[in-house]
Every structure is written in structure tokens, then in C-alpha cells.
2 protein chains.
Amino acid sequence: MPTLHAVIMAGGSGTRFWPASRKKRPKQFLPLAGGLTLIEATVQRLAPLCAPENIWIVTNPVQARALPKVMPSFPRHQIMVEPEARDTAPCVALATATIAAKDPEATMVLLPADHLITPITAFTTMLQRAVQIASDQKTLVTFGITPDHPATGYGYIECGQPLDASEPQAMAAVRFREKPDLETAKQFVAAGNFLWNSGIFVWSIPAIRDAMNVGNPDLGKAALAMLNALLQNKPAAVRRAFRAAPKTSIDYAVMERARSVAVVRANVQWDDIGSFPALTAVGTTDDHGNTAVLRGGARSVACESNGNILYAEGKRTIAVFGVTDLVVVAVGDAVMVCPKDRAGDLKTLVRRVEQDGFADLL
Amino acid sequence: MPTLHAVIMAGGSGTRFWPASRKKRPKQFLPLAGGLTLIEATVQRLAPLCAPENIWIVTNPVQARALPKVMPSFPRHQIMVEPEARDTAPCVALATATIAAKDPEATMVLLPADHLITPITAFTTMLQRAVQIASDQKTLVTFGITPDHPATGYGYIECGQPLDASEPQAMAAVRFREKPDLETAKQFVAAGNFLWNSGIFVWSIPAIRDAMNVGNPDLGKAALAMLNALLQNKPAAVRRAFRAAPKTSIDYAVMERARSVAVVRANVQWDDIGSFPALTAVGTTDDHGNTAVLRGGARSVACESNGNILYAEGKRTIAVFGVTDLVVVAVGDAVMVCPKDRAGDLKTLVRRVEQDGFADLL
């Protein structure tokens with residue numbers, strides 16, 4: 001069986017959890033997985049499958065510098081740095097080239113750093129199966145999550161026939177559908193053969209290289225240029241090739257155009273923790289629906305209050321009185337208050353904070 | 001003209017401004033008067049009238065210990081300490097005895113530490129006139145504020161005829177009325193001859209001693225016992241006499257029963273800053289009605305928000321997004337959020353904070 005490498009994509013900008021998250025401290029660096037940061041939990045989740053030297057993180061320069069503070073034991077040479085933000089396709093090309101330079105026949109799992117997935121054992125079993133499919137059948141494999149509501153914030157995968165009648169969880173992926181409107185999302189959920197696109201992919205290096213060449217030849221060329229530059233140990237040429245790669249998503253450039261994609265239905269609890277209200281999956285919720293996520297000695301008091309999200313770090317206390325469905329965050333030098341139903345639009349506030357000349361807070 | 005002494009009453013418990021105010025840092029210690037604390041502003045307001053050695057502060061033991069940190073230059077021997085909380089009457093008895101021991105014919109002004117009064121010149125003029133009336137006529141003098149709305153949170157003074165036709169601002173006080181219900185308050189305001197009781201009093205030492213003996217003989221006896229103990233330099237006996245004094249208010253025990261009370265209509269801006277929403281009189285208000293009171297480098301951002309009160313001290317920023325009519329406070333180790341219309345009931349939250357075992361925050 002080919003060697004398995006895992007590439008953790010950790011490039012988020014961190015506005016949706018401001019001021020808990022900052023430019024130097026994106027969501028994946030927040031301690032939302034029990035006592036661990038999300039990225040630590042992601043690495044831990046891979047440990048049963050991957051040798052430590054085969055776990056990679058790909059991120060932007062700012063977070064690459066911040067990472068050793070969050071995960072001091074993670075080897076720095078296993079951090080790949082994207083020279084600029086160009087969506088996910090160039091990032092996958094860089095990851096593919098980096099692994100191909102070491103192990104051209106490897107199988108690779110690509111996954112986001114900031115998702116919450118439990119239990120680990122189910123995830124491990126599922127990932128092992130995906131790795132087997134990817135290496136046996138030279139197909140691209142995605143993980144699909146069974147929708148529990150018609151979410152408009154996720155992409156969907158339309159599933160076809162099972163690859164094998166004895167294993168209904170592994171199916172052909174018929175089509176990728178971008179984030180739908182609510183009506184379409186309802187139809188997807190009613191149809192029963194649509195899964196959420198988890199953003200977790202498994203493929204062999206030869207298969208993804210083929211798929212890039214087919215789906216977006218410029219991307220394939222960029223990946224090849226990066227590989228050649230890496231083999232010649234020319235980091236400036238790697239960066240140049242990255243910058244020349246088409247700025248697009250891997251879903252659009254490759255997955256939607258690939259000859260053969262399989263989808264594995266994931267029997268796990270999965271949450272991409274998109275914004276503060278999702279912290280109900282992480283925190284402690286009282287009888288009045290107030291969820292507290294408290295780290296580093298923080299405390300909270302909710303008096304005559306309902307349905308609030310309280311997030312604090314360090315030796316501070318959040319006390320709310322007579323309020324409903326608010327998000328209250330106290331981290332470092334900033335306090336943020338907004339209604340839960342505006343939390344998804346926090347970038348508007350972040351933009352305003354910057355306009356007001358307080359970019360030091362971002 | 002007799003010497004003028006001023007006694008600043010500084011005994012508030014500080015729950016209505018929690019967590020800006022704490023047990024050791026009541027409202028009068030908050031920097032709400034420009035850059036000054038309210039108590040500093042009160043002392044400053046008295047400077048044109050009173051020699052520095054004749055300005056006194058009467059307070060509880062906890063605040064007496066904290067006071068030198070807030071006002072390092074205030075002489076410690078001019079701080080009178082109430083051995084326990086027994087409402088205002090024993091406090092006035094102690095103040096009267098302390099001044100009588102030094103200067104039995106003095107005139108005395110008694111005023112709260114935590115009110116905001118501007119402009120100083122008008123206040124000075126008014127106080128000079130009150131002092132003159134108090135020393136000429138051996139009457140008790142109060143200051144009344146012209147109501148601008150039917151407040152239910154203040155006591156009212158029913159005014160009678162002017163003492164002198166040439167000076168309509170100085171009138172006989174016919175009756176003291178406790179905090180009324182709204183209907184009664186409306187009648188008071190409509191009647192036109194009702195003023196708010198500002199809690200500022202001026203009297204000569206002989207006049208207040210007489211009035212205590214008439215209104216509440218036990219209070220008069222306690223004041224005499226305190227005076228004798230002070231003259232014999234027996235602090236334990238002073239404390240004993242204080243504890244034996246009737247636990248009641250000076251309004252009820254003396255003012256409402258006195259033979260002769262005058263009221264001076266005060267042409268000043270007066271605010272007792274009863275709770276957070278009153279900070280509109282102190283802070284900076286933006287076009288959307290958001291009032292910010294920021295001290296020690298604090299900052300605020302209000303985005304798509306209206307009518308909020310934001311109070312912060314130190315190097316921290318409060319950012320609100322999409323919220324209306326909230327109070328958000330960030331001071332020291334605590335953040336508090338409540339609707340403006342619940343801010344008057346903050347003691348409910350404070351009680352809960354204590355019940356939850358966080359008395360260290362009070």
C-alpha cells in the first residue's frame with residue numbers, strides 16, 4: 001500500500017471569530033476542541049493513520065510565523081507556505097508537488113484545519129476506506145456529510161450509484177453543486193442523494209496530477225513547475241510558479257471536471273464551526289440556552305438571559321443581564337457584542353474596525 | 001461670618017455601576033467628571049468657598065482605606081469613618097459632632113460625593129447665598145432642582161412663599177415628599193412649586209443640633225455623645241455612640257420635622273448619575289445615539305448600532321455590531337452587558353454574581 005501523507009489546509013482569514021481570532025490567530029488556532037486548538041485536534045485525528053513526518057500544514061506567511069507558538073513541536077520543514085492568497089487550487093498544486101518530490105506514488109489526504117470531527121475512531125475507519133479506494137481505483141475521493149437541514153452555507157455533492165453494492169457508503173459522485181439558495185437546498189435534502197461537501201479529499205499523487213492536467217491544464221503546468229523547482233531546490237522558482245497558477249478553487253478547477261470522483265458518506269459528527277453561534281457544539285450550555293466557552297480561567301454569569309453565546313479567554317468574567325440571543329466575546333484587548341443572527345456578517349464589523357483606524361486589533 | 005465647613009458624604013455601595021464600580025471603588029471614585037473622579041470634582045467645586053482644612057469626607061471603612069489611592073493629597077485626618085452603615089442620620093450626627101468639636105458656631109454644607117453639577121460659578125454663587133441664609137436665619141437650607149420630567153427616582157420638596165419678595169429663588173420649604181409614583185410625580189411637576197431634593201443641605205451647627213433634638217431626640221443624644229467623646233479623644237466611645245444612633249435617614253428624622261426649612265432653587269445642571277444610562281451627560285455621543293465613556297486609552301467602535309452606552313477603562317476596545325439600547329462595560333477583569341432599561345436593576349445581577357461564588361468581582 002502506498003505511503004499516506006496528510007495536508008492540513010490552514011489559511012483562513014479569521015474575521016468570523018473576531019476578536020477571538022485575529023490575523024495572526026485564525027480560527028484554527030482557537031482552543032475550541034476541548035483544551036486543544038482546532039489545528040492540534042486535526043493533527044491528533046491523523047495520528048492513527050499517518051507517520052508524523054508525513055503530516056503537513058499549508059498556510060500563509062503570517063500564520064506560518066505564528067504556528068510554532070501554537071504548536072511548538074510541529075516540525076517547521078513540514079509547513080508549506082503559500083506566497084500569496086490564490087484560493088485553493090494553487091495550494092493543492094503546491095501540496096501535490098511537495099509530496100510528489102518526496103514520494104511520487106503516495107496517497108494524500110487534504111483536509112481543513114478548522115473543522116470539528118468526532119469520534120476519532122469513526123473518522124479513522126472512514127479515512128482508511130477512502131485511502132483504499134483512492135489507491136485501488138485511481139479515483140479522487142471526497143467525504144460527504146449527511147445534511148440535517150437545508151444549509152445554504154455549504155456546497156453539496158450529488159451522489160450516484162454505490163461503487164460496490166455491498167458497500168452503500170461509497171458512491172460515485174455525479175456532480176458538485178455550489179452553495180445553493182434555500183429552495184434548492186430544500187430540494188437537495190428532500191431528494192436524499194445529496195451530501196454536504198466536507199472539503200476533505202483523498203487521492204493518489206498520480207490521480208490528482210492527472211485530474212489537474214485534465215480539469216485545468218494551466219494548473220497542471222504550475223504544479224509540474226513547482227515540482228521541478230522543488231527537485232532542483234529553487235524556492236524562488238516555486239514561489240514564481242505558485243504566483244503563476246490560476247487563482248481558482250480546487251472544486252471548480254478539478255473536482256467538478258474530473259473523470260472519476262467517489263464520495264464516502266461520513267458517519268461522523270462534523271462541524272465547520274462557521275461562526276460564533278456554532279460554538280453550541282463546543283461549549284457548556286445552561287438551562288436557559290446560554291453557551292459559555294471559557295478558557296484560561298475565564299468565567300461567566302448569565303442572569304435573566306437566554307440563548308446567548310459567551311466566549312472569553314484569560315482571567316476575565318463576562319456577565320450578562322436581561323439579554324437574549326447575543327454573542328459576547330472578551331479576548332485580549334477587545335470586547336465584541338452582536339446579535340447571534342448577525343454573527344455570520346462579522347466581516348462588516350471587522351471592516352469598520354479597520355476603517356476607524358484600529359487595524360492593530362485585527 | 002462663621003467659618004464654613006463642607007462634609008462630603010461618600011458611602012454608596014457601588015452596585016449600580018458594576019463592574020466599573022466595585023466595593024472598593026464606588027461611583028464617586030469613577031472618572032466621570034471629565035478626567036476627574038466625581039469625588040475629586042466635588043472637592044474642587046468647594047474650593048472657592050471652603051478652606052482646604054475645612055473640607056471633610058465621611059465614608060465607610062472600606063472606602064476610607066481606598067480613598068488615599070484615589071486622592072493621595074486629601075488629608076487623612078479629614079476623613080470621618082462610619083463604623084457601620086446606618087443610613088444618613090447617624091452620619092450627619094457624626095459630621096455635626098466632628099465639626100462642633102472644632103468650631104461650635106460653624107456653618108456646614110452637607111453634600112453627596114457622586115453628583116455632577118455644572119457650572120461651578122453658579123453653584124458657588126448659590127451656595128454662598130444658602131450659607132448666608134443658614135447663618136442669618138438659623139434655618140436649615142436645602143437645594144432644590146427644577147424638575148424637567150416627572151421623575152419617580154427622586155424625593156420632591158414642596159415650596160412655599162419666597163423668604164423675601166426680592167429674591168424668588170429662596171423659599172420656605174413646606175413639605176418633603178418621598179419618591180412618588182408616576183401619577184403623583186406628574187401632579188408635582190404640573191403644580192410648578194415642587195423641586196427635586198438634591199440632597200445638598202446647608203445649616204449652622206447650632207441649628208442642626210436643635211433640629212436633631214426636636215425631630216428625633218435619640219439622634220440628638222447620639223450626636224451629643226459623639227461630641228463629648230470627640231472632645232475627650234475617645235474614638236471607641238464615638239463609635240459606640242454612632243452604633244447607638246437611630247438607623248434612619250436625615251430627611252425623615254430631621255428635615256421633615258424641622259420648624260424652619262428654606263429651599264434655594266438651584267440654577268445649575270445637576271445629575272446624580274443614578275445608573276449607566278445617565279452617562280449620556282458625561283460621555284461622547286455619536287450620530288446614532290451611542291454614548292462612549294472611555295478612559296485610560298480605551299476605544300470603541302459602534303457599527304450598525306444605536307443608542308448604546310459603552311464604558312471602558314484601560315487599553316481595551318469595545319466593539320458593538322447590530323445592537324440597540326444596550327449597556328456594555330469593560331473594566332478590569334469584568335465585562336457586563338445589559339439592556340439600558342434594565343440598568344437600574346443591576347443589583348439583581350450583582351446579587352447573582354455573588355451567589356455564583358464570584359464575590360471577588362464585587
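In this structure, A:Val320 stands opposite B:Val337, a residue of strand β18(B). The model is predicted: local features need pLDDT of at least 70, side-chain atom pairs count only at pLDDT 80 or more, and totals for chains, interfaces and linings use all residues. Residues are numbered from 1 along each chain as its sequence is written, while chains are lettered from A and ligands numbered from 1 in the order in which they are written.

**Strands across the two chains**

Strand β16 of chain A (residues 317–321) runs parallel to β18(B), and four bridges join them. Two strands pair if DSSP finds at least two bridges between them. Helices (H or I, at least four residues) and strands (E, at least two) are DSSP runs, numbered from the N terminus.

**Symmetry and contact**

Two copies of a chain are related by a rotation about an axis and a shift along it. The same surface serves both copies, for 100% of the contact residues of chain B recur in chain A.

Chain B and chain A each give 31 residues to the contact, where two residues are in contact if their C-beta atoms, placed from the backbone, lie within 7 Å. On the side of chain B that touches chain A, β18(B) gives the most, with six residues. The table sorts that side by class.

| Class | Members of the class | Residues on the side of chain B |
|---|---|---|
| Nonpolar | Ala, Val, Leu, Ile, Met, Phe, Trp, Tyr, Cys, Pro | 21 residues |
| Polar | the others, Gly among them | three residues |

**Helix α10 of chain B**

The buried residues of α10(B) are B:Leu346, B:Leu349, B:Val350 and B:Val353. They lie on the same side of α10(B) because they cover an arc of only 100° around the axis, taken from the directions from the helix axis to the C-beta atoms. The face turned away from this buried side carries the exposed residues B:Lys347 and B:Gln355. A residue is buried if 20 or more other C-beta atoms, placed from the backbone, lie within 10 Å of its own, exposed if 12 or fewer, and partly exposed in between. The cover over the buried residues of α10(B) includes β14 (299–303) and β16 of chain A, together with β18 of chain B.
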